[in-house]
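Here are a few notes to read alongside the model. Have a look at it first, then work through the points below.

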Amino acid sequence: MSKSAIAWLLIALGGIGVAVFLIKMVIIGYYPNELVPFVILGVISAALLWLGGRFRKAAALESGSSSQNGPGR
């Protein structure tokens, strides 16, 4: 699996997690005993989004440098 595909997978998973977190916390509401699991979900989802962004940036830099250092150069 390429680094770009992994990046988009992490971004998709993180985005779904953040969406679930926001819908539950803002629209539906929560009971006090649900707070900790949903905050953990939000933090992990945000970390997945951040990590996916880092992977995507690294993949873009690698593809840009490989096209500049092609076989003719």
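This is a predicted model: local features need pLDDT of at least 70, side-chain atom pairs count only at pLDDT 80 or more; totals for chains, interfaces and linings use all residues.

1. Which residues in H1 are buried? They are Ala-7, Leu-10, Ile-11, Gly-14, Gly-17, Lys-24 and Met-25. Buried here means under 20% relative accessible area, exposed means over 50%, and partly exposed is in between (1.4 Å probe, protein chains only).

2. Residues are numbered from 1 along each chain as its sequence is written, and side-chain values use heavy atoms, with hydrogens and water left out.

3. H1 covers residues 3-28 and H2 residues 35-68; helices (H or I, at least four residues) are DSSP runs, numbered from the N terminus. Just after H1, Gly-29 has a positive phi of about 95°.

4. You'll find two salt bridges (a side-chain nitrogen of Lys or Arg within 4 Å of a carboxyl oxygen of Asp or Glu). One pairs Lys-3 with Glu-62 at 3.2 Å, N to O. That pair links distant parts of the chain, H1 and H2, 59 residues apart. Lys-3 is partly exposed at 32%, and so is Glu-62 at 44%.

5. Lys-24 and Glu-34 form a salt bridge too, with their closest N and O atoms 3.3 Å apart. Lys-24 sits in H1 and Glu-34 in the loop between H1 and H2, so the pair ties together parts 10 residues apart in sequence. Lys-24 is buried at 17% relative accessibility, while Glu-34 is partly exposed at 21%.

Definitions and conventions. Helices (H or I, at least four residues) and strands (E, at least two) are DSSP runs, numbered from the N terminus.
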